[in-house]
Each structure stands twice: as structure tokens, then as C-alpha cells.
Amino acid sequence: MAYIDVNNDKERIRQMQDYLRSLSRWMDDPALYVRGDGIYGEHTKNAVWHFQQSRGILPTGEADRNTWDAICRTYAAHREYFEGSRPIRPFPCAPGYRVEIGERSSLVCILKIMLNEIKLFYDCYAYLPLNYKYDQ
């Protein structure tokens, strides 16, 4: 028996779709990707079927209570792992710090990558070769 009523549980369907979409990214599994539109259509049914198959649950494509609980458990475990990771902070916090000509560092390479990305939208300077040296 389906745990989610495909005709009346738009918010629960959307939540499940959000969980599956996040799991798709975290588990690098495109078959789990589904848009969060709140509609239990073919894409959602296929993603649920794939999730069930990958977790050893009888694949039906229906979100029964066992499937819903497994999606929630898997999402919670992956969310804890991915939200536990911390961003890198390559930019020095020291007041007055300046990148000087001749400096060689990862920071210089990151700055060049950022400037090259901006260049995609503005044509005011030349492409910067990716290396670690701050030069002219």
C-alpha cells in the first residue's frame, strides 16, 4: 500500500523529490534526480524504483512506508556527512594583506580562475594563464 497518496500529498511528494534530488548529487547517481514539482509522475516513479532497487527493497516505484523511511534514513545519513564538511578559506584574514607581484601561491591561482570566469561576461581583459605566479 502506498504511503504517499499521489493525488493529495503534494507537499510530501515535493519533500521526497527534494530528498531524492539531494541523494542524486551526494551519491553521484543521476537516476535518482527528479524535479521538485510535487507531482508523482513517471520521473518520480522511476527515481523511487531505482532507489528501491539500489537499497534491496522490492522495486515497485510506489512510495510505501518502508521506502519512505529508507529515503529519509539515507537522506539524513548523507546530509549529516555533507553538512559536516566545512568550506576552505583560501583568502588570508590578516588586516592589510595584499597579494604582491612575484608572489607564488594557491591564492593567486584561485584569483586567476575567478577572473577568467568573470571574463566570460566582460571583454575588458585578456585570458589569464593558470599558474601560481602573480605577474603583470
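At 45% relative accessibility, Asn46 is classed as partly exposed in this predicted model. Asn46 belongs to helix H2, which spans residues 42-54. A separation of 63 residues in sequence lies between Asn46 and Cys109, and their C-alpha atoms are 42 Å apart in space. The C-alpha atom of Cys109 is separated by 5.7 Å from that of Asn131, although these two residues are 22 residues apart along the chain. Asn131 lies in the segment after H4 and has a relative accessibility of 27%; a value of this size falls between the limits of 20% and 50%, so Asn131 counts as partly exposed.

Six salt bridges were found in a search of the whole structure. One of them joins the side chains of Asp9 and Arg12, with an N to O distance of 4.0 Å. Arg12 has a relative accessible area of 30% and is partly exposed. Helix H1 covers residues 10-26.

A further salt bridge links Asp37 with Arg35, and the closest N and O atoms of this pair are 3.9 Å apart. The two partners fall into separate accessibility classes: Asp37 is partly exposed at 24% relative accessibility, whereas Arg35 is exposed, with a relative accessible area of 57%. The assignment of Arg35 follows from the cut-off, because exposed residues are those with over 50% relative accessible area.

The side chains of Glu100 and Arg98 also meet in a salt bridge, with 3.8 Å from N to O. In this pair, Glu100 has a relative accessibility of 45% and counts as partly exposed, while Arg98 is exposed at a relative accessible area of 61%.

Backbone geometry was also examined. Most residues other than glycine have a negative phi. Asp28, by contrast, has a phi near 50 degrees, a positive value in a residue other than glycine. Asp28 is situated in the loop between helix H1 and helix H2. The relative accessibility of Asp28 is 68%, and this residue is therefore counted as exposed.

Terms used
Residues are numbered from 1 along each chain as its sequence is written. This is a predicted model: local features need pLDDT of at least 70, side-chain atom pairs count only at pLDDT 80 or more; totals for chains, interfaces and linings use all residues. Side-chain values use heavy atoms; hydrogens and water are left out. Helices (H or I, at least four residues) and strands (E, at least two) are DSSP runs, numbered from the N terminus. Buried means under 20% relative accessible area, exposed over 50%, partly exposed in between (1.4 Å probe, protein chains only).
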